[in-house]
Amino acid sequence: MSGPILLALRLLLAASLYVFLGWAFLSLWRDLKQRGASLASRQSPLLALTSTLASEGVPFQTRLPELTLGRDPACEFPLEHPTISARHARLFFRQGHWWVEDLRSTNGTFLNDEPVSMPVILASQDHLRCGQITLLIEIEDGA
Amino acid sequence: MPSLRPAALASAFELPSDRRQARLLVLAAVFILAFAAILSLSPAGRERSWQVSYRWDHWLGVAIWLGMLLLAHRASLRWLPECDPYLLPAAALLSGWGLLTIWRLSPYFGMRQSLWLLVVLALFILGMRLPSDLAFLRRYKYLALTSGLLLTALTLIFGSNPAGGDLPRLWLGCCGIYLQPSEPLKLLLIVYLAAYLAGSSAWALTSPGLSRLPQAAPTTLLQLTPTLLMTGLALLLLVAQRDLGTATLFLSLYAAIVYIASGRARFLALGALGILAAGATGYALFDVVRLRIDAWINPWLDPSGRSYQIVQSLLAIAGGGLLGRGPGMGNPSLVPIPHSDFIFAAIAEEGGLLNALGLIALLALLTARGLTVALNAPDRFRRYLAAGLTAHLAGQSILIIGGNLRLLPLTGVTLPFVSYGGSSLLTSWMSLLLLLHISRRSEAPPAPLPDSRPYLNLSGALLAGLAACAIVAGWWAVYRGPDLLTRTDNARRAIAERYVLRGAILDRRNAPLAISTGKPGEYQRQVLHPPLSPVIGYNNPLYGQSGLEASLDDYLRGTRGYPGLTLWWNHLLYGQPPPGLNVRTTLDLDLQRLADSALAGHRGALLLLNAQNGEILVMASHPTFDANQLEADWESLIQDPATPLFNRAALGIYPAGELLTDFFPEGQVPAGLELQPYIPLLSPELPSAGNQDKHLSPLQAALLAAAISQQGLRPAPLLVSAVNTPSAGWVVLPQGEKPLQWLEAAQASALAASLAQAEGSIWQATSVDEGSAGELITWYLGGALPDWGGASYAVAVLLEEKDPNLAAEIGASLLKAAMQP
């Protein structure tokens, strides 16, 4: 009879619909996973900060994509100095560059003696001055 | 070559996007071809025979779909490389699905939709050559929107409706081609809003990572003034046209796009308030709105009038159940306008919940991809545009699917890509074209995004709306479905009866009394001995069922008497029960004819039964009617004071004081007579008749006669003896009652002897009784004497007139005919 043939076709119909959906969602999920993995593996280049405050001269090195400078011990890069605000400036890695942004500090942030009023890009060997502290910026090559 | 190894190892999912699109399109084509094949074969499944006319016409639509999609795929590889690979296949699948559903519902509309698809896809392919930055749209935003508004305004003057009549005139028509300008107007409004808001500085942003510049509220409102004006103008036009569904959509779209651009939730709240206020105003002003909202709040109050559409839509969804009836095998045409507004109900009936959920998932895929495109868009204009287009496609889907499911009030909008209509198809595919342009992965990185919450919230809201549709579809199709299908306004049962052979009702020698004739799809019931109609009853889609047709319905329809697995399998395969079973009654057609000709022209009833086993050989009730002419005679039948539809023999209650006093002069009426005159399988509802007020039904009287012939033993009455099952042949049906010692044997024998006829082997008695209103009736009771050697019979005759001689003549002649065959 025609019934079983039609039933088989109807099952094929439903199967093709769900294979379409399943394949689409699965490949989207794989995409997401891949993108997540590639983003996770893409590290920000090593940033080294040598402060005039640290007499021993050992640079502070980090691979964090974002860090805050300030007197507050909760900052990723704490600087204990009276001319430094609690949260003084922010360094972040975006679009292949390290940027610096002043967090409305009392004594201001200066990059190579230019005041930082909006986020600007940092380069290796730049001098970043926060209050009376000067930091030497060194960025790992090849990122 | 070792260099190929990584590629070979790479999973199939890491295909480049053009291969992904190709693969998804192939899957969509499998779906469409399977659908078309089922549609071709469906007449065979419906009529359960290979000798049917198969459907081929829709393959033209399939060919157009396949050809145009192949071209579109090629063109997209050439002109839109690196575009989103999911959008085109999902839209293609939806379009093809809708096209074939429309072909299935109406080849005329299917043909038109195929031609529209041809034109629209040609425009779609041409449109791929447009520059992907869409700057021209941005530049000419006012021109575009104004021309859209003008076109829509033209319908106020030149508007027409392809369906004619007094319906809203939303179309501009010429030479058989109609365009509904409010459909493209939607698109133009989205383009305008996106272009305006992207150009406005109200929400100007500085470089990434910085917080929004504070803005004063008055500035915001001032910035929005032009958009408010343009949208208000469009809304006014739509309201003037009574295109209220689209107006609702416009309002929601406006709120959504402004929310996306501003990131301020208060615009959403304002939009919701606006829709509520518009709904309340519309409820007060427009009949259409009142009707729709009333039908939404309580559709069960007026299921045949104001809420006919929505109730029929729910019945269709319930009829589909989990797996559906299969394309071409359901009855979606029972819902009004199934090819446009109610196409979701049609798909849910024929594809079941399984396919309906797939459809909703496809829309969810489109929504998710559309918003991803928006997030990855290289500038604000394209981002707002993509978000607006996605909100339009998803929002309109939710609006109409929710309307079909009674989740939302019904609005007459179309289901994008799926519903019939050239304007709707054009708008949907043009939206898709713009989305594909925006989705191109260009060198430009995504535009800075100050706040991702509006996009998350919008996608959350749209996906939640689709999920709610899915849940409600499941509720109607599976949870409430079985209850809904028993409703009397569900015509599917009556239609199934035209396709499934109903079992015959046979007499004791298997001579047919009532049979179904014709061929599948046109089966008709015929009572071969029409005077038996009060006993056999009728089975009519309009007037319901009565008599044996009602009490034996489950056997005759094939829903009983088969193994449960057979029933389930038949329902799965055909959506119908298996062929009905033949039922054998205890009636004797020859004796019945004799009784009916004797009673013709009189009012009364006659019962002849086998006194030993209670089998009823004759059950006559006069005046009678012809069940074959029911529809022509119905009005006169129900008004006839002689009540021809009424089965007097089984259900009539007549005064019997004189009769019983004749029989039991000392008043020792047997207690068993108080038994309700219940006949199994005849009718469950009977008026009660105790003998306190000395009333009897003709059946009770016949049983009393049988008890007198059988030494006081009253047999259990029996009208239906056996049913012919495919697995076990004739199966005897159980008797409803047990025989009962009604009278003492000596008393019964003495009574029979005292009434014995001189010349024969029978006893008989007549009496005339007077009813409460003074009307006279005649009883005749007779039977074989207890010492009669052959089969023993008993008879009761009732005449609604005073004529003992006639009653005796009729009764005795039947008794003799039965005893001397």
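How many residues does the contact take from chain A and from chain B? It takes 27 residues from chain A and 31 residues from chain B. The model is predicted.

**Chain A against chain B**
- Two elements of chain A give two or more residues to the side that touches chain B: α1 (2–41) and β5 (89–94).
- The most comes from α1(A), with 22 residues.
- By class, this side of chain A has 20 nonpolar residues, 4 polar and 3 charged.

**Chain B overall**
- Chain B holds 30 helices and 19 strands.
- Of its 821 residues, 51% are buried.
- Take the contacts in chain B between residues at least 6 apart in sequence: 68% of them join residues at least 24 apart.

**Gly326(B), a loop residue**
- Gly326(B) sits in the loop between α13 (308–320) and α14 (343–376) of chain B.
- Leaving aside neighbours within four places in sequence, Gly326(B) is in contact with Leu6(A) and Arg10(A) of chain A, and with Ile38(B), Ser42(B), Gly45(B) and Glu350(B) of chain B.
- From Gly326(B) to Ile347(B) is 21 residues in sequence and 9.4 Å in space, C-alpha to C-alpha.

**Helix α10(B)**
- Helix α10 of chain B covers residues 244–262, which is 19 residues.
- From first C-alpha to last, α10(B) reaches 27 Å, close to the 27 Å expected at 1.5 Å a residue.
- Because 19 of the 19 residues of α10(B) are buried, this helix is largely enclosed by the rest of the structure.
- Just after α10(B) comes Gly263(B), with a positive phi of about 70 degrees.

**Helices α28(B) and α29(B)**
- Two packed helices are described by the distance between their axes and the angle between them.
- The axes of α28 (residues 698–709) and α29 (residues 745–754) of chain B come within 7 Å and cross at roughly 100 degrees.
- Angles of 65 to 115 degrees count as roughly perpendicular, so α28(B) is roughly perpendicular to α29(B).
- On the α28(B) side, the residues that meet α29(B) are Ala707(B), Ile708(B) and Ser709(B).
- On the α29(B) side, they are Ala748(B), Leu751(B) and Ala752(B).
- The residues of this contact divide into 5 nonpolar and 1 polar, with no charged residue.

Key: Residues numbered from 1 in each chain as written. Chains lettered and ligands numbered in written order. Predicted model: local features only at pLDDT ≥ 70, side-chain atom pairs only at ≥ 80, totals over all residues. Contact = placed C-beta atoms within 7 Å. Helix = DSSP H or I, 4+ residues; strand = E, 2+ residues; numbered from the N terminus. Nonpolar A, V, L, I, M, F, W, Y, C, P; charged D, E, K, R; others polar. Axes fitted to C-alpha atoms, helices over the stretch in contact; angles between N-to-C directions. Parallel < 35°, antiparallel > 145°, perpendicular 65-115°, else oblique. Expected span 1.5 Å × (residues − 1). Buried ≥ 20, exposed ≤ 12 C-beta atoms within 10 Å, placed from the backbone.
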